[in-house]
Amino acid sequence: MNAFDLSALYPRLPSPLEPVEDERFTRHGVRLLLKRDDLIHPDLPGNKWRKLVPNLPAAAGRPVLTFGGAYSNHLRATAAAGRLLGFPTIGVVRGDELAGLPLNPSLARCAADGMRLHFVDRATYRRKTDPEVLAALLGEYGDCWVVPEGGSNALAARGCTDLGRELRGMADVAAVACGTGGTLAGLAAGLAPGQQALGIPVLKGSFLDDGIRALQKDAFGGPAGHWTLDERFHFGGYARTTPALDAFAEDFEERHGLPVERLYVAKMLYGLVALTDEGAFAPGTAVAAVITGSPQLSEPSR
């Protein structure tokens, strides 16, 4: 199998769209739908499939070099794709202090899938897009296709337009948790006129707006679709949770039988419940919540 032969992976596309009965929504006249992107593929779930797969033809069989933290879902998905499709992968990992420690379960899976792990100090990691840092990495590993942190580039944004197209005519609002913004950029572009994309950032800091606009310019030549951000539901920042968020996620799991990933999905669902209670959605609104991943190997709160 080569990097262009994806048929043997049997992705579940379009991903299922499941209506759920939840009185926190129905009492306001709002319909909740779950867009189960977590079911696309067991090793490349959700937005990881949609963002990574479009990059593989561009890699043209070259090693794929990318970036992430110690519990990065993106690193795991890239390593899995390399194993399944037979191309080399290199993961540049934030935190050189990790190099001498036993691998955590997430990085251990990356290594088991054949990914070469390259640990860098945090100051260098912050400069990962600088030409000299990239040149040093490519000098060590040779000709590679470089995919940015989180997998968000123009190819990824274009890949996520399919998510929006699958929701055309199915919902008034499509909500997704945001890390680097690539999924929201493509989702909004794929929706039909009159539909709205809503992003719930999981990191602190008002930086995603500019990043999404830049991604849409690279991918589509300019702004595409109608999208907004609500930055109130990060719960302290990336990889951070609170007892209140954990209690909410456990309750949602009990109500609907859906394992809720804490770092992205729980924050998005919590935000939707809060917005509904605030009256943000008019009666009769159908809200599709994009479930981008499962709880397996999620990073603990800190």
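Which elements cover the buried residues of helix H12? In this predicted model, the cover includes helix H1 (23-26), strand S2 (31-35) and helix H13 (265-277).

Let's stay with H12 for a moment. The helix runs over residues 243-256, 14 residues in total, and spans 20 Å from first to last C-alpha, close to the 20 Å expected at 1.5 Å a residue. Its buried residues are Leu245, Phe248, Ala249 and Phe252. Looking down the axis of H12, you find the buried residues within an arc of 95 degrees, so they line one face of the helix.

Helix H5 (residues 105-112) can be read in a similar way. Ser106, Leu107 and Cys110 are its buried residues. They take up an arc of only 90 degrees around the axis, which puts them on the same side of H5. Among the elements covering them are helix H4 (73-85), strand S4 (89-94) and strand S5 (116-120).

Strand S5 holds Leu117. Apart from neighbours within four places in sequence, Leu117 is in contact with Gly91, Val93, Leu103, Leu107, Cys110 and Ala111. Leu107 and Cys110 are also two of the buried residues of H5.

Which residues touch the most other members of the largest nonpolar core? Of its 35 residues, they are Leu34, Leu198, Phe252, Met268, Leu269, Leu272 and Phe281. S2, strand S7 (173-178), strand S8 (196-201), H12, H13 and strand S10 (286-290) each bring at least two residues to this core. The largest share, 8 residues, comes from H13. As for Leu272, its contacts beyond four places in sequence are Phe25, Ala175, Leu198, Phe281, Val287 and Ala289. There is also a second, separate core of 23 residues, which includes Val176, Leu184, Ala219 and Val290. In general, nonpolar side chains in soluble globular proteins tend to be buried together.

Two other spots are worth a look. Ser15 sits in the segment before strand S1 (17-20). Is Ser15 buried or exposed? Its relative accessibility is 5%, so Ser15 counts as buried. Its side chain makes a polar contact with the side chain of Asp37 at 2.5 Å. Setting aside neighbours within four places in sequence, Ser15 is in contact with Lys35, Arg36, Asp37, Ile40, Arg50 and Glu166.

Ala58, in helix H3 (residues 55-59), counts as partly exposed because its relative accessibility is 27%. Beyond four places in sequence, Ala58 is in contact with Trp145 and Leu155.

| Pair | Apart in sequence | C-alpha to C-alpha |
|---|---|---|
| Ala58 and Trp145 | 87 residues | 7.6 Å |
| Leu117 and Cys160 | 43 residues | 27 Å |

Conventions:
Residues are numbered from 1 along each chain as its sequence is written. This is a predicted model: local features need pLDDT of at least 70, side-chain atom pairs count only at pLDDT 80 or more; totals for chains, interfaces and linings use all residues. Side-chain values use heavy atoms; hydrogens and water are left out. Helices (H or I, at least four residues) and strands (E, at least two) are DSSP runs, numbered from the N terminus. The expected span of a helix is 1.5 Å times one less than its number of residues. Buried means under 20% relative accessible area, exposed over 50%, partly exposed in between (1.4 Å probe, protein chains only). The arc is that of the directions from the helix axis to the C-beta atoms. Contact means heavy atoms within 4.5 Å. A polar contact is a pair of N or O atoms within 3.5 Å; within protein, one must be able to donate a hydrogen and the other to accept it, and residues adjacent in sequence count only if both atoms are side-chain atoms. A nonpolar core is a set of buried Ala, Val, Leu, Ile, Met, Phe, Trp, Tyr and Cys residues joined through side-chain atoms within 4.5 Å.
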